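Please look over the sequence and the model first.

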Amino acid sequence: MTIQTQMGVLPMSSPADYYDMSRVRPEVAAALAQINAMGPVFAARAKAVDDEASFPTANYRDLAEAGFLGLSIPQEFGGWGFSMGEYAMVGAEIAKYCGATALTFNMHNSSMAWSRFMYDMPNLTPDEKAAFAPLRARQFTRAMRERAIYSQPISEGGQNWTSKPNQTQCRAVEGGWKINGFKKFASLAGYCDYYTIVCTEVFEGQEPRHEDTMLFVVHKDTPGLTVKGDWDPLGMRGTNSRDLILKDVFVTADDLLMPRGIFGKTLPNWPHMMATLSPTYMGVAQGAYDFTIAYLKGQVPGQPPIDRRMYATKRVAVSKMYARLATMRALWWQAFSEAKGMPSKAEVMRMYAAQYNVMEGAQELTALAIRTCGGQSMLKSLPLERMYRDSRCGALMLPYTSEIMEDYIGVLALYEMSELDTAPGDEGGARNSLWRGDAGSLRGLR
Ligand SMILES: Cc1cc2nc3c(=O)[nH]c(=O)nc-3n(C[C@H](O)[C@H](O)[C@H](O)COP(=O)(O)OP(=O)(O)OC[C@H]3O[C@@H](n4cnc5c(N)ncnc54)[C@H](O)[C@@H]3O)c2cc1C
C-alpha cells in the first residue's frame, strides 16, 4: 500500500498487517480497501487543510460519493448496516491519512449510530419504538438522499457538562420548543448540514434535570443559529470546531433525533458509543508508525533516499513502537468487537482500557516517531509533525478523557456495582458518564 504524493509514493501498512482478515466480512474488507485507495488523496490534501485550519470538504465529497455517509445506516434505508466495530475499523483507516477527516466523520457517523442502535435497545416499549421510527427514518433519508452531513456539538466548555445537565436549554412554546445556549468545540461548524443539539428541557419552577435531556436536529440555516469565534488550535485543525450560539432557535417534534426520554433510557446502556473518538487516534498512531518505517528505509517521497536501518538505536525504537502499537490495536479491536447495548462489566472495563491505551499511546508513539526519525522529520513539509500535534488532542476529549478513564477503571475494579453510587470522590466528579450496569440510569447520561 502506498501514498501517492506529487513527488512519489509513501509505503503504508494495509489492514492485513494488523487484522485477522478471516474474521472481517468481505463488505468491510472492501470498505477498508476503498479507504486505502482514497487515502493517498486525503493525505495529499491534509497539509493545506492543516495550514489553513480549513475543512476537508473535498474528502467529504469523495466519502459521500462512495457511500460512506450511510455506513452505519441500516440496509433497509439504503445504508451499509455496519456494526460499531466495523465502523471503528473504517474510521481508523481514514485517520492514517487525515486525522481531521476521521474525527469529523465520527461526529456524522455517531448521529447515525445513535439513531440506529438506540432504536434496537431491548428496553424500549412498543410505543417508544413507534414514536422513534419516523424520526430515525427522517435522518437516514436525509443522509442517504441529500447526502446530508451531521455534526454532534455537545460540549459546552467550562460548564462541566459531564456532571450537570446540559446548560443549553429548550422551553416549550406553541408548536414546538425554543432552544437557547452555547456549544464549544462544535466540529464541522459551518460545514455540516445539520447539528445534533443536546439540550435540557426546562420547566417553570423546576431545577434543570438530566432526565429532561432532549436531542434536536437543527438545520444549518435555521434562524437564531450562528457559528462564532476563531479556530486556531494546536492540532486537529481541519475539524473546524468553532463555537455555536443558539438564540431562540425554533424546533418542532419532527426535529427530534429520538423521542423524549429515550436518550436517558438507552445511552447509559450503550457505553461503547462514547468511545468512538478512539478510532481516529488508533489510525493516527498507525500513520506515524508507517511513516517511521518508510523514513528509516529512505522511502519518503521528496526526501533523500538515506537508509538509516543499520543503527541499532533506530531498530530498538521501531521495536518499541511496534510492540506498543500491536498491543493497542489488539485490545482496541477486541473492545470494539464487543460493542453493543447492555454489555457486561468485563466488556466495559476492556473498552475503558482500550480508550485509555489508544489516547495515551497515540501521543507516545508520535513523540517516539519524531525522536527516532530525527530533526528533518519535524519539517512542516512532512506529515509527521501534524500527526504529533493531532495525537495530542485525544486524551482531553470528554467524556472519556484519560483522567476520567483512570477514575472509572479504578472505581469499577475496586468497588462492587452496588457500591458505585456511594463510592467516595464522586462529589462534583465526572461520574455521570460512568457505566452502571443494568441499573444504567438517567444519572448515567454522558
Ligand atoms: C479537536 C477537537 C474537536 C472537538 N469536537 C467536538 C465535537 O464535535 N462535539 C463535542 O461535543 N465536543 C467536541 N470537542 C470537545 C471535547 O470533547 C471536550 O469537551 C473538550 O476538549 C473539553 O474541553 P475543556 O478543556 O474546556 O473541558 P474541561 O471541562 O475544562 O475539562 C478539562 C479536563 O478536566 C477533566 N474533567 C472535566 N470534567 C471533569 C469532572 N467532572 N470530573 C473530573 N475531571 C473532569 C477532564 O479530564 C478534562 O480533560 C472537541 C475537542 C477537540 C480538541
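## Annotated spans

In UniProt, an unreviewed entry places "domain: Acyl-CoA dehydrogenase/oxidase C-terminal" at residues 279–397. The model shown here is predicted. In it, residues 279–397 are 68% helix and 0% strand. The end C-alpha atoms of that span lie 13 Å apart.

Two further annotations come from UniProt. The unreviewed entry gives "domain: Acyl-CoA oxidase/dehydrogenase middle" for residues 167–249. That span is 52% strand and 0% helix, and its end C-alpha atoms lie 15 Å apart. For residues 43–114, the unreviewed entry lists "domain: Acyl-CoA dehydrogenase/oxidase N-terminal". Residues 43–114 are 68% helix and 0% strand, with end C-alpha atoms 29 Å apart.

## Domains and their contact

The domain assignment divides the protein chain into domain 1 (2–148), domain 2 (169–265) and domain 3 (267–444). The C-alpha centres of domain 2 and domain 3 are 29 Å apart.

How many residues of domain 2 are in contact with domain 3? Seven residues of domain 2 contact seven residues of domain 3. On the domain 2 side, three of these residues are nonpolar, three are polar and one is charged.

## Strand pairing

Start with strand β5 (residues 176–186). Strand β4 (residues 169–173) runs antiparallel to β5, and five bridges join them. Arginine 171 has lysine 178 in β5 as its bridge partner. The two strands form a hairpin, with two residues between them. Glycine 175 sits in the turn and has a positive phi of about 85°.

β5 also pairs with strand β9 (residues 242–251). This pair is antiparallel too, with seven bridges. Glycine 181 stands opposite leucine 246 in β9. Alanine 186 stands opposite arginine 242 in β9.

β9 has another partner. Strand β8 (residues 225–228) runs antiparallel to β9 and is joined to β9 by four bridges. Lysine 228 has aspartate 243 in β9 as its bridge partner.

## Around the ligand

Which residues are closest to the ligand? They are Ser155, Phe185, Ser187, Thr401 and Ala430, out of 26 residues that surround the ligand. By class, the shell has 12 nonpolar, 13 polar and one charged residues.

Domain 2 (169–265) and domain 3 (267–444) each give at least three residues. Among secondary-structure elements, β5 and α11 (402–414) each supply at least two residues of the shell. So much for the shell; one residue further along the chain deserves a look.

## Asparagine 432

Asparagine 432 lies in the segment after α11. Is asparagine 432 buried or exposed? Asparagine 432 counts as buried because 21 other C-beta atoms lie within 10 Å, and the cut-off for buried is 20 or more.

Asparagine 432 can also be placed relative to proline 399. The two are 33 residues apart in sequence. In space, their C-alpha atoms are 9.3 Å apart.

Terms used: Residues are numbered from 1 along each chain as its sequence is written. This is a predicted model: local features need pLDDT of at least 70, side-chain atom pairs count only at pLDDT 80 or more; totals for chains, interfaces and linings use all residues. UniProt positions are given in the numbering used here, feature names are shortened, and annotations may be inferred rather than shown by experiment. Domain bounds come from an automatic or database domain assignment. Two residues are in contact if their C-beta atoms, placed from the backbone, lie within 7 Å. Ala, Val, Leu, Ile, Met, Phe, Trp, Tyr, Cys and Pro count as nonpolar, Asp, Glu, Lys and Arg as charged, and the others, Gly among them, as polar. Two strands pair if DSSP finds at least two bridges between them. A residue is near a molecule or strand if its C-beta atom, placed from the backbone, lies within 6 Å of it. A residue is buried if 20 or more other C-beta atoms lie within 10 Å of its own, exposed if 12 or fewer, and partly exposed in between; C-beta atoms are placed from the backbone.
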